[in-house]
Each structure stands twice: as C-alpha cells, then as structure tokens.
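Here is a short briefing to read alongside the sequence and the 3D view.

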Amino acid sequence: MSVNNTSVRDGYIELKFGPRWKYIACVRGFIQNFLAISIVDQSKADKIAMAASELLENAVKYASKDDTHIVIKVSPATEQIQILVVNTADQESIDTLLTIYKKISEGDALQVYVTQMKEAALRSDGKSHLGLARIRYETGGDLKVDVHNREVQVSIAIG
Amino acid sequence: MNRLNIEKIHEDRMEVEVFDENSNICVRFKGDIDMEDPGVFLDPFFNQLHEGMIAQKIKEVKADFKELNFLNSSGIKAVAKWIMKLTELSDAEKYTIRILYNRDITWQVTSLPTLNFLVPGVVKVE
Ligand SMILES: Nc1ncnc2c1ncn2[C@@H]1O[C@H](COP(=O)(O)OP(=O)(O)O)[C@@H](O)[C@H]1O
Ligand SMILES: [Mg+2]
C-alpha cells in the first residue's frame, strides 16, 4: 500500500512518528477519534486502534533509524481501513520479523494466538512474539509484511 | 489491606488492586496497561498473588478486567504467565481463576475468552 495509489475518494492521514513510547497512547487516541468521524462501526475502530498501537510499539522498539511513519487510509464507500507502519530496521530484527510473520500467518488464527501465548509465558526476555498474532486474531484482517533493503512495512487491512 | 498483604500498584495510567471477597480474593485492573514492559510490575505482582493463594489455600480468585481500557500484548503475556503457573500445581494446590470482562470493550471480548485455552479447566471466563 502506498499513499500514491490512494483514489481521490479515499481519505488518509500520514503521521511521522518520533521514537517516543509516550506518543503511542496519544496516537492510539487520535486514531480512535479520527475513525469515529470516518466510520460508524465502533468495534472496527477499536480493532484498528489496537492494531496501530501494537505496530507502533514494534516500530519504537525495533526501528534502527528515526524515520518511522504511519499511514491510516479510509475508503468511505466500503468502510475498508488500512494502517501501514514503515520503519528502518537492522537485519536481525528483520529476520525475526519474517520468521514470526510466516509462523503466525499459517493455520487457524485462534490456535496460533494461543500457541504464541503459551510460548510467550515461557520467555523471560522483554519480548513476547505475541503482538502480530494478536493483531491477526483480534482484527480478523489481512496482515502483510514487506521488506525492501532495510525498510520494513507492516500493514493491516480491515474490511 | 487484603489478607494476602498485596499492595496496590499504581503506575502510569494503570491500577491493580487486591480485595478480600468472602473466603476468596478479587483482583481489579483499571486504566491502561501500555508501558514498554508491564512485566516489571505485573510479574512480581502475579508471583505474590500465586504464592499467597497456595499458602492460604484459597480456592478461587476473581480477575476483574471490566475497567481496563487497554492491555498491550506484553501485558497479555504477563497474564498468560500467571495462568500457566497453574500447570505446575498439584490438584490439592490448584485454584480457579474467574475472569470478568466487559462486553463493551472490543479487545476484551476477543482476547480474554482465549485465556480459557491456556490451561483447560482452571479458567472460567464470564
Ligand atoms: N517494525 C518492525 N521492525 C523491525 N522488526 C520488527 C518490527 N515489528 C516486529 N519486528 C520483529 O518481529 C518480532 C515479533 O513482533 P511481535 O509479534 O510484535 O512481538 P514482540 O513485539 O513482543 O517481540 C519482534 O520481536 C521483532 O524482532
Ligand atoms: Mg510487538
């Protein structure tokens, strides 16, 4: 997804995001308000705000440069919403991201989420490897990861 | 103070408090749990709760999430860690976790019932 493909009727907002943890809650609240004026379905707005929050947490934790941004795109006709978070990362994080993405994209979303929870419970580092599985299960949306060189794009579309 | 002697946690916009409820215990979560590593507060809290439940042979704890607006995936990990501790207990030590959730909060409706699948038979979601 890129803003350039956005049709005239679609609305979008793009935010550059300095890597500050405290901004995440603020952006989450902003997205919720933004969606409240763009769509009617409250639970869809909640799911999008949750997904944006998890994706921004990742961007703050794993970005290697100060160039993170988030795009929120709304198609009023279909009420489809896409969130795209872009950041630069080092190869190690990218490799982990691709491995986890592959693992959590296959099979039943609930089963995958529960498996990730059980594995997370055994970890004692700061990681949970639970965020992406949570997004997939809770939103039921289409989660995508694209990597070009060191640029990571993670997106979720909810119809 | 509750009979497990567990102090209330108040960090950022999150509050966690333990109450006595007849012969059982109630834990109430409030606000937003969205810090980078909530395990720093939640892991020791759940350990103390778990040890207390066993030591005092309390058979049920109510986990009330109704006023928790947001819980990030690192927070979900901390809750899952607590529930998974029940697999280490003998039948005599086992206690039940009754999870109360808010049907108006979207993430609670989708994520909290899944805790049921972690350890069969010890979690009741209502
Ligand atoms: N935006 C990102 N940039 C680089 N690496 C990422 C990004 N998002 C996720 N990752 C990698 O993918 C892993 C899985 O992410 P996630 O499921 O959210 O779990 P967690 O954040 O708890 O580690 C992370 O541990 C990290 O290594
Ligand atoms: Mg994450």
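How many residue pairs are in polar contact between chain B and chain A, counting those with both residues at pLDDT 80 or more? The count is 12 residue pairs. Please keep in mind that this is a predicted model. The points below start at the interface and then walk through the sheet of each chain.

**The interface between the chains**

- On the side of chain B that touches chain A, the elements giving two or more residues are strand E4 (60–71), helix H2 (73–84) and helix H3 (106–111) of chain B.
- H2(B) gives the most to this side, with 7 residues.
- Sorted by class, this side of chain B has 10 nonpolar, 7 polar and 7 charged residues.
- In contact terms, 24 residues of chain B meet 30 residues of chain A.
- Between them, chain B and chain A bury about 2200 Å², and 56% of that lies on carbon and sulfur atoms.
- The rule finds 3 salt bridges across the interface of chain B and chain A.
- A salt bridge joins the side chains of B:Asp12 and A:Lys22, at 3.3 Å from N to O.

**The sheet of chain A**

- Chain A has an open sheet of 5 strands in the order E1-E2-E3-E5-E4, with antiparallel pairing.
- Strand E1 (11–16) and strand E4 (142–148) of chain A each have a single partner strand at the edges of the sheet, so one side of each is left without a neighbour there.
- Neighbouring strands of this sheet are turned against each other by 15° on average, direction ignored.
- E1(A) and strand E2 (residues 69–75) of chain A run antiparallel and are joined by 6 bridges; A:Glu14 has A:Val71 in E2(A) as its bridge partner.
- Helix H2 (residues 42–62) of chain A packs on the sheet, where it touches E2, strand E3 (80–88) and strand E5 (151–158) of chain A, and its direction makes about 5° with that of E3(A).
- Helix H3 (residues 91–105) of chain A also packs on the sheet, touching E4 and E5 of chain A, with its direction at about 150° to that of E4(A).

**The sheet of chain B**

- Chain B has an open sheet of 6 strands in the order E1-E2-E3-E4-E5-E6, with mixed pairing.
- At its edges stand strand E1 (9–11) and strand E6 (123–125) of chain B, each with a single partner strand, so one side of each lacks a neighbour in the sheet.
- From one strand to the next, the twist averages 15°.
- E1(B) pairs with strand E2 (residues 14–21) of chain B in the antiparallel sense over 3 bridges, and the bridge partner of B:His10 in E2(B) is B:Glu15.
- Helix H1 (residues 39–55) of chain B lies across E1, E2, strand E3 (24–33) and E4 of chain B, running at about 170° to E3(B).

Notes. Residues numbered from 1 in each chain as written. Chains lettered and ligands numbered in written order. Predicted model: local features only at pLDDT ≥ 70, side-chain atom pairs only at ≥ 80, totals over all residues. Heavy atoms only, no water. Contact = heavy atoms within 4.5 Å. Buried area = accessible area lost by both parts, 1.4 Å probe. Salt bridge = Lys/Arg side-chain N within 4 Å of Asp/Glu carboxyl O. Polar contact = N/O pair within 3.5 Å; in protein donor to acceptor, adjacent residues only side chain to side chain. Helix = DSSP H or I, 4+ residues; strand = E, 2+ residues; numbered from the N terminus. Nonpolar A, V, L, I, M, F, W, Y, C, P; charged D, E, K, R; others polar. Pairing = 2+ DSSP bridges. Axes fitted to C-alpha atoms, helices over the stretch in contact; angles between N-to-C directions.
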